[in-house]
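Welcome, and please open your viewer.

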Amino acid sequence: IVLEAGITPGPLVTASGIRVTGNEKTAPGFIHSRILLKPGDRFNLGLQQKSFRNLYQTGLFSKIDLYLEKQATGSERPLVAAVTEVPARELYVEPGWGSYEQLRVKTGYRNKNLFGTGRIFGLDAAASLKAQGLTTYLSDPWFLGTDVKADLPVAYSRREEPVYTRRDMEGALLFSKKLTRRLQASGGYAFRMTDVSDIDPASITADAPTDYAYGEVKAQITWDSRDDLFYPTRGQKSFIAVEHADTLLGSDITLTRLTGGVRWFIPLPQSVILGLRWRTGLIIPGSDDFNLPIAERFFTGGENTVRSFKQSELGPRDETGDPTGGLAFNVFNLELRRRLIGNLTGSVFFDCGNVSPNRTPAETGEPPYSSRSDILSDTFDQYFKDFRPGVGFGLQYQLPIGPARIDFGFNPDRDRKREEDSFVVHFSVGMAF
């Protein structure tokens, strides 16, 4: 049997206009701006499909029909965009738990279609036994009609760290853009007023500024190919970021902060997932700011870094035994994960990390740092030295808000002079990385 197909092309069709139906809250102009076909354009199936994706990616519609209205005769037809909107306003409550903060709750209001323009307005309040915060923000996913996202957050926060308490009032203007499906660039300007209190007067950080302004510009590149946000089984996420604070930006202190990291997730036989992570950071202080405020230093140890330590307790100590933080850090994590039954997952892990300089002058019997070159010399010399280990196992139960997790961390090389713990239990919500 010979099957013949005869195709007779119809007339070329021009979009005579654009008609929007079904929109109760969204402004017609916003929908028109997402449609690439304009009145008078020759109909193009590729542009129709791209226009559909543009509308769908706004997240404002549960259903979209984009079609040429049928007419008996004529080569001009109106283009119809029939949409069904999703609810734009939401109230939410997000409970959580951390081994340091303990009970924490975040609640807020979000309008994802402010004045029908697709802009987002939100107000968040968060509280725990160690921290409180209030944030309001305005976000424009299509800043000035481009595919650049602009965010304007303003926030107040208070947090009790193990060796100090900080209060921040801050605001920022941030921009981000997806360069590819996996690659994103972001950056902007941020300014905050920071007040640090409850520092031990005998601490070597007591002479550092405790009430100061901090203004910075920052930029970051992120690559994310993970297959799942809460429980990735393959792919990676990596980033490189640079921040620079300067008096020209309204800052009382000057520094450059470099941070970076990478996470790999590799599927193994028997449904085992190998997770690997490395994070690192380096601060280069200004010539007159080598004694940085304690709130600007790096700390490690805790439920998401080295799990054989309590929060921020890994690293150098002052004469009173309190952690002092440092100008650089490294954290390495290796974890094997496997689903046991249902939503229950088990894991075994090895963590190690450091803070550099690894020892304070008080610990080595040396006089305090008197120059920027001295502290930077020790920072670079000890950048990959004196790693503190942690080994252990954990259980995770998958919840809609993320996995509830309990980890048991053991320190096989306890430093008794620093009174390091030999065993720590962490309970929190969310994977370690």
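Here is a short tour of a surface patch and some backbone details.

Before we start: this is a predicted model, in which local features need pLDDT of at least 70, side-chain atom pairs count only at pLDDT 80 or more, and totals for chains, interfaces and linings use all residues. Residues are numbered from 1 along each chain as its sequence is written, and side-chain values use heavy atoms, with hydrogens and water left out.

**Stop one: the backbone at Q102.** Select Q102, which lies in strand β5 (residues 102–114); strands are DSSP runs of E with at least two residues, helices runs of H or I with at least four, numbered from the N terminus. Although Q102 is not a glycine, its phi is positive, about 65°. Most residues other than glycine have a negative phi. Q102 is partly exposed, with a relative accessible area of 34% (buried means under 20%, exposed over 50%, partly exposed in between, with a 1.4 Å probe and protein chains only).

**Stop two: D198.** Move on to the loop between β10 (183–197) and β11 (211–224), where D198 is found. D198 also has a positive phi, near 60°, and is a residue other than glycine. Is D198 buried or exposed? With 57% relative accessibility, D198 counts as exposed.

**Stop three: P357.** Now select S356 and P357: the peptide bond from one to the other is cis, with omega near 0°. P357 sits in the loop between β16 and α3 (361–364).

**Last stop: L268.** Finish in strand β13, where L268 lies. L268 is partly exposed, at 35% relative accessible area, and belongs to a nonpolar patch on the surface that also includes W264 and I266. β13 gives this patch its largest share, three residues.

Definitions and conventions:
Patches are made of residues with over 30% relative accessible area and no salt bridge: like charges are joined within 9 Å, nonpolar side chains (Val, Leu, Ile, Met, Phe, Trp, Tyr) within 5 Å. Accessible areas come from the Shrake-Rupley method with a 1.4 Å probe; for residues, only the protein chains shown count as cover. A salt bridge is a side-chain nitrogen of Lys or Arg within 4 Å of a carboxyl oxygen of Asp or Glu.
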